[in-house]
Amino acid sequence: MADPMRIRAQASGDKATVRVLMSHEMESGQRKDAAGKLVPAWFIQEVSATLNGKPVMSAEWGPSVSKNPFLQFTVKGAKAGDKLAVTWKDTKGESRTDEATVS
Amino acid sequence: MNQSVGHNTKKIALALSLFVLSSVALAQKSSTDSIAEYRAMLQDGNPADLFEAKGEDLWKKARGPKNVSLEKCDLGKGAGVVKGAWVELPRFFSDTNRVQDLESRLVTCMQDLQGLNAEEINKTPFGKGEQANLTALATWISAESKGMKFNLPQGHIEERKMYEAGKRLFFMRSGPHDFACATCHSQDDKRIRLQDLPNLTKNPGAGNGFGAWPAYRVSNGQMWSAQLRLNDCYRQQRFPYPLFGSDATIALGVFMGVNGKGGEATAPAIKR
């Protein structure tokens, strides 16, 4: 089971700024271990966000995104009290969803 | 009439010269400022947050052969008191009869309360198994003292002895490069490449340097504890690696922490 994300969503005016910190190794598949063997690729491939269950963002990620990635985006029309959920899915098929309330 | 025109011209000239001055100041933004800016940008979204969350869970979770949490662990301010504990460490503990830093104290608690094997933990490489848990715990505990001022106790004779031992170690030149901690860290305004080297013999350097670890290192994506940081200093000096939680590393911690008295705790920080 992957570690939880840290999600902060703060409304100001008619939009909310969302900051997400994900816990993931993000192995590019280019690195070699101490024995010289290639470390297999393992990274987040799909990221999506919903506001009160309605999709507001989806992204395709690749191996060049850093370990423990940080993502920030703004959602138009989000108000305090709204539920914002973020989901990622990695190349091993593992996935994780976390939710935060817009403040 | 003439007079007032003259006055106005003077004003414009003054405004112009001020403008020129400020643009010169802007152009002179040093690499240090740029690094500070870069760190400020990264601080909002410091992955240390993830380790903090993990550490808090580990503190509260019943674990080990005895299946108990660490919530009764005495970090120096009484059993279970976390807030403010880190800015008073290392300190003397009468139950173990030695001066301990945060990490070695946590190992004591993990053994006494949870029944984990302290020797095994001390031998585990950094970032693996229980050592990874220990770093997460240290990250959370240090974060609970964020913004507080360092105030290491020096009341006990053992604490003062550790300070003296730390001072000697700090200035001891040895190894193939005839290096000491003091070679890099005992003067003001020194740098290595673009990194400022804090003067660890006094404030603000001592508070800034000592108060920033545990820190997340962006370049390798690792959370580094204070013990690992000191271990790496010795690697860079080409010294033999000190043992985990050894008196030598704790003495250096006392030396830096006491020198940093009144400095602000910024850990968990983010580093290049």
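Predicted model: local features only at pLDDT ≥ 70, side-chain atom pairs only at ≥ 80, totals over all residues.
**Entry 1: the β6-β5-β7 sheet of chain B**

I began with an open sheet of three strands in chain B, whose order is β6-β5-β7 and whose pairing is mixed; strands here are DSSP runs of E with at least two residues, helices are runs of H or I with at least four, and both are numbered from the N terminus. I took two strands as paired if DSSP finds at least two bridges between them. Because β6 (222-224) and β7 (269-271) of chain B each have a single partner strand, they stand at the edges, and one side of each is left without a neighbour in the sheet. From one strand to the next the twist averages 30 degrees. Strand β5 (residues 215-217) of chain B runs antiparallel to β6(B) and is joined to it by three bridges, and I noted that Y216(B) has M223(B) in β6(B) as its bridge partner.

Residues are numbered from 1 along each chain as its sequence is written, and chains are lettered from A and ligands numbered from 1 in the order in which they are written.

**Entry 2: the β1-β2-β5 sheet of chain A**

Next I looked up an open sheet of three strands in chain A, with the order β1-β2-β5 and antiparallel pairing. Its edge strands, β1 (6-12) and β5 (70-76) of chain A, each pair on one side only. Seven bridges join β1(A) to the antiparallel strand β2 (residues 15-21) of chain A. Within this pair I found A16(A) of β2(A) as the bridge partner of A11(A), and R19(A) of β2(A) as that of R8(A). The two strands β1(A) and β2(A) form a hairpin with two residues between them, and G13(A) in the turn has a positive phi of about 70 degrees.

**Entry 3: strand β6 of chain A**

I then followed strand β6 (residues 83-90) of chain A, asking which of its side chains point to the buried face.

Strand β3 (residues 44-51) of chain A pairs with β6(A) in the antiparallel sense over seven bridges, and E46(A) stands opposite K89(A) in β6(A). β6(A) also pairs antiparallel, over seven bridges, with strand β7 (residues 95-101) of chain A, where V86(A) stands opposite D98(A). The hairpin of β6(A) and β7(A) has four residues between the strands, and in it G93(A) takes a positive phi near 85 degrees.

Leaving aside neighbours within four places in sequence, I listed the contacts of L84(A), among them I7(A), V18(A), L51(A) and V102(A); two residues are in contact if their C-beta atoms, placed from the backbone, lie within 7 Å.

**Entry 4: helix pairs in chain B**

The axes of helix α3 (residues 48-60) and helix α6 (residues 129-143) of chain B come within 7 Å and cross at roughly 100 degrees, where axes are lines fitted to C-alpha atoms, for helices over the stretch in contact, and angles run from 0 to 180 degrees between N-to-C directions. That makes α3(B) roughly perpendicular to α6(B), a label for angles of 65 to 115 degrees. The residues of this contact divide into nine nonpolar, four polar and three charged; Ala, Val, Leu, Ile, Met, Phe, Trp, Tyr, Cys and Pro count as nonpolar, Asp, Glu, Lys and Arg as charged, and the others, Gly among them, as polar.

Helix α7 (residues 157-171) of chain B and helix α11 (residues 247-259) of chain B pack at an angle of about 95 degrees, with their axes 7 Å apart, so α7(B) is roughly perpendicular to α11(B). Their contact has 12 nonpolar, one polar and two charged residues.

**Entry 5: the core**

Last, I looked up the largest nonpolar core, which has 74 residues; such a core is a set of buried Ala, Val, Leu, Ile, Met, Phe, Trp, Tyr and Cys residues joined through C-beta atoms within 7 Å. V20(A), L84(A), L106(B), L137(B), I141(B) and V254(B) have the most contacts inside this core.

How values were computed
Parallel < 35°, antiparallel > 145°, perpendicular 65-115°, else oblique. Buried ≥ 20, exposed ≤ 12 C-beta atoms within 10 Å, placed from the backbone.
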